[in-house]
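Me: I have a structure open and would like to go through it slowly. Could you help me read it?

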Amino acid sequence: MKIVVIHGSPHDGNTLKLAKRFEEIMKKSGDVQFEYLTVRDMFISPCRGCFACITKGEEFCPLKNDDTKLIIEKMDHADGVVFCAPTYVFNTPALMKNLIDRLAYLGHRPRYTGKYAVVISTTCGVGLKESLKYLSFGTALAWGFRLSGTLGACTHQYNCDIRSQQMLNNRIVKCADLFFADLSRKKTEPVSLGEMMRFRIMSLHSFYSKDTFPADYRFYHENPDSAGRYYIKSAQIPLFARIGSGLLAVIAGRSMRKERDRSCGSPQFLDW
Ligand SMILES: Cc1cc2nc3c(=O)[nH]c(=O)nc-3n(C[C@H](O)[C@H](O)[C@H](O)COP(=O)(O)O)c2cc1C
């Protein structure tokens, strides 16, 4: 099986070391090939903020011919993906964030439904939770992946006693085993209620804002073979989950609107 590792550190340091250990342990389970995509060695122009990829479609991005396409191709052909980046100032480093910004449309139109990912990060002491959460929820899950696990390590000398080393080792073994089992499974796992709800919310959003987000509308409603129809087509979803998730999505949509109004006042268009 082929694993692509997206490595977002500005140097080959602790996080790469952890990823390599993960590779070493996972290879004990069977035939696994790891390919490392080192973001700092790739040509990825900063996002220009035109919003075209999200609204009109990724083909309208003005930044053509850089390595984001290659990264997409590699993820398309991989059996699993590892997102691996350290914690810099409570989050993922700018290099990785730049790549995530360039692929922001994947959060609207998830391309990797049914695929599995693992998230790896390291920290000196704090912020690990935030960076793992960002790479898990803001990236892997948002792009449609299922998470086999997250792996975090604290690299401060203070934590390097034998007991914490053993605990980390156990966590790596557990995560590698889970990833291997997820990738080896022949039958696709049933769609979860959470996945179904995310799909419903996005699908509802694209229905009500089809003039602003035509690419999302096409993805969820027009093309019957689009990945956006994945959940609807999936026969494993019981009727009650389809109906229940629809109702829950309406409630969640309302509460998201309330939250938006609370945090930024009533919606305004800056048209002065
Ligand atoms: C610019 C920068 C910012 C950092 N910010 C944090 C931080 O917010 N919290 C923390 O505990 N460690 C922080 N660290 C330490 C790194 O997270 C830690 O050393 C990590 O293992 C580095 O991984 P790397 O060698 O793969 O880059 C920071 C290090 C750098 C260089």
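Reply: Below we go through the sheet, some strands, a loop residue, the ligand and a helix.

Me: What should I know before we start?

Reply: This is a predicted model, in which local features need pLDDT of at least 70 and side-chain atom pairs count only at pLDDT 80 or more, while totals for chains, interfaces and linings use all residues. Residues are numbered from 1 along each chain as its sequence is written.

Me: In what order do the strands of the open sheet come?

Reply: The order is S2-S1-S3-S4-S5, five strands with parallel pairing. Strands here are DSSP runs of E with at least two residues, helices are runs of H or I with at least four, and both are numbered from the N terminus; two strands pair if DSSP finds at least two bridges between them.

Me: And which strands stand at the edges?

Reply: S2 and S5 (146-154) do, each with a single partner strand, so one side of each is left without a neighbour in the sheet. Neighbouring strands of this sheet are turned by 20 degrees against each other on average, direction ignored, where the axes are lines fitted to C-alpha atoms, for helices over the stretch in contact, and angles run from 0 to 180 degrees between N-to-C directions.

Me: Is S1 largely enclosed or left open?

Reply: Five of the six residues of S1 (residues 2-7) are buried, so S1 is largely enclosed by the rest of the structure. Buried means that 20 or more other C-beta atoms lie within 10 Å of a residue's own, exposed means 12 or fewer, and partly exposed is in between, with C-beta atoms placed from the backbone.

Me: How many bridges join S1 to S2?

Reply: Six bridges join S1 to S2 (residues 33-38), and the two run parallel, with Lys-2 standing opposite Gln-33 in S2. The chain crosses from S1 through helix H1 (residues 14-26) to S2 in a right-handed β-α-β crossover, a term used if, with the strands pointing away from the viewer, the path from the first strand over the helix to the second runs clockwise. S1 also pairs with S3 (residues 80-84) in the parallel sense, over five bridges, and there Val-5 stands opposite Val-82.

Me: What about S4, which of its faces are covered?

Reply: Both faces are covered, with Tyr-116, Val-118, Ile-120 and Thr-122 buried on one side and Ala-117, Val-119, Ser-121 and Thr-123 buried on the other. Eight bridges join S4 to S5, which run parallel, and one of the facing pairs is Thr-123 with Cys-154 in S5.

Me: Switching topic, where is Val-89, and is it buried or exposed?

Reply: Val-89 lies in the loop between S3 and helix H4 (94-102), and it is exposed, with 10 other C-beta atoms within 10 Å. Val-89 and Thr-123 are 34 residues apart in sequence but 9.6 Å apart in space, C-alpha to C-alpha.

Me: Which residues come nearest the ligand?

Reply: Of the 18 residues around the ligand, Gly-13, Asn-14, Thr-15, Pro-86 and Cys-124 come nearest, where being near requires a C-beta atom, placed from the backbone, within 6 Å. H1 gives the most to this shell, with three residues.

Me: Last one, how far does helix H8 reach?

Reply: H8 (residues 193-208) has 16 residues and reaches 22 Å from its first C-alpha to its last, close to the 22 Å expected at 1.5 Å a residue; the expected span is 1.5 Å times one less than the number of residues. Among the buried residues of H8 are Glu-195, Phe-199 and Arg-200.
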